[in-house]
Structures are given as C-alpha cells and as structure tokens.
Amino acid sequence: PNKYRSKAEKILEHVDEILLSFFHGQVTIASLVTLMTFTGLYAIGIENLVFITLITFFLSLIPFLGTFLAII
C-alpha cells in the first residue's frame, strides 16, 4: 500500500547496503585466504596450483563452512 511504500523503500535500501558490505567483506577475506594458500603451496612446490587456489577462492566465499572446506 502507498501508506507503507516510503518506509518499505528505506528498509530495503538499508538491507541492500548491509548485504553489499557483507559481500565485499567475504570477497576480501576470500582473496586473502587465496593469496596465502597460493603462497604456501607455491613454496612447497605443489602442481595444479592455479586450480587449487581458484577452488579455495570460491569455497571461501561460503560463510563459515566454506573456509573449512577450502582448508581441507
């Protein structure tokens, strides 16, 4: 209804900002984990380095569980 439209728009804009901040944080953390994984695996001479680090990046985007899966 028109009565609640402006209030609903404000709430949805606020939710959009929060989700965008959360996603940016997840991408930053995933990038740092991937960089550390790449560095460590490169130092010990693992083959298929790019493939493993890409999997690590995408799994790290999943909150909580993804980081543990990437470590495994």
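This is a short walk through a few features of the structure above, which is a predicted model.

Let us start with helix H1, which covers residues 2-44. Look there for Phe38 and Tyr42, which sit 4 residues apart, about one turn of the helix. How do we describe two aromatic rings that pair up? A pair of aromatic rings is described by the distance of the centres and the angle of the planes. The structure holds 2 aromatic pairs. One of them is formed by Phe38 and Tyr42, with 6.1 Å from centre to centre and 10 degrees between the planes. This pair is stacked, because planes under 30 degrees apart count that way. The two partners can also be described by their accessibility: Phe38 is partly exposed, at 34% relative accessible area, while Tyr42 reaches 59% and counts as exposed.

Phe57 and Phe58 form an aromatic pair too, with centres 5.4 Å apart and 75 degrees between the planes. Here the arrangement is edge-to-face, because the angle is over 60 degrees. Phe58 has a relative accessible area of 54%, so this residue is exposed.

Now move to the loop between H1 and H2, where you will find Asn48. Its phi angle is near 55 degrees, which is a positive value in a residue other than glycine. Is Asn48 buried or exposed? Asn48 counts as exposed because its relative accessibility is 57%, and the cut-off for that word is over 50%.

Phe51 lies in H2 and is exposed, with 55% relative accessibility.

Together with Ile44, Ile46, Ile52 and Ile55, Phe51 forms a nonpolar patch on the surface. These residues share about 450 Å² of accessible area.

Methods
Residues are numbered from 1 along each chain as its sequence is written. This is a predicted model: local features need pLDDT of at least 70, side-chain atom pairs count only at pLDDT 80 or more; totals for chains, interfaces and linings use all residues. Side-chain values use heavy atoms; hydrogens and water are left out. Patches are made of residues with over 30% relative accessible area and no salt bridge: like charges are joined within 9 Å, nonpolar side chains (Val, Leu, Ile, Met, Phe, Trp, Tyr) within 5 Å. Accessible areas come from the Shrake-Rupley method with a 1.4 Å probe; for residues, only the protein chains shown count as cover. A salt bridge is a side-chain nitrogen of Lys or Arg within 4 Å of a carboxyl oxygen of Asp or Glu. Helices (H or I, at least four residues) and strands (E, at least two) are DSSP runs, numbered from the N terminus. Buried means under 20% relative accessible area, exposed over 50%, partly exposed in between (1.4 Å probe, protein chains only). Rings of Phe, Tyr and Trp (its six-membered ring) pair if their centres lie within 6.5 Å; planes under 30 degrees apart count as stacked, over 60 as edge-to-face and the rest as tilted.
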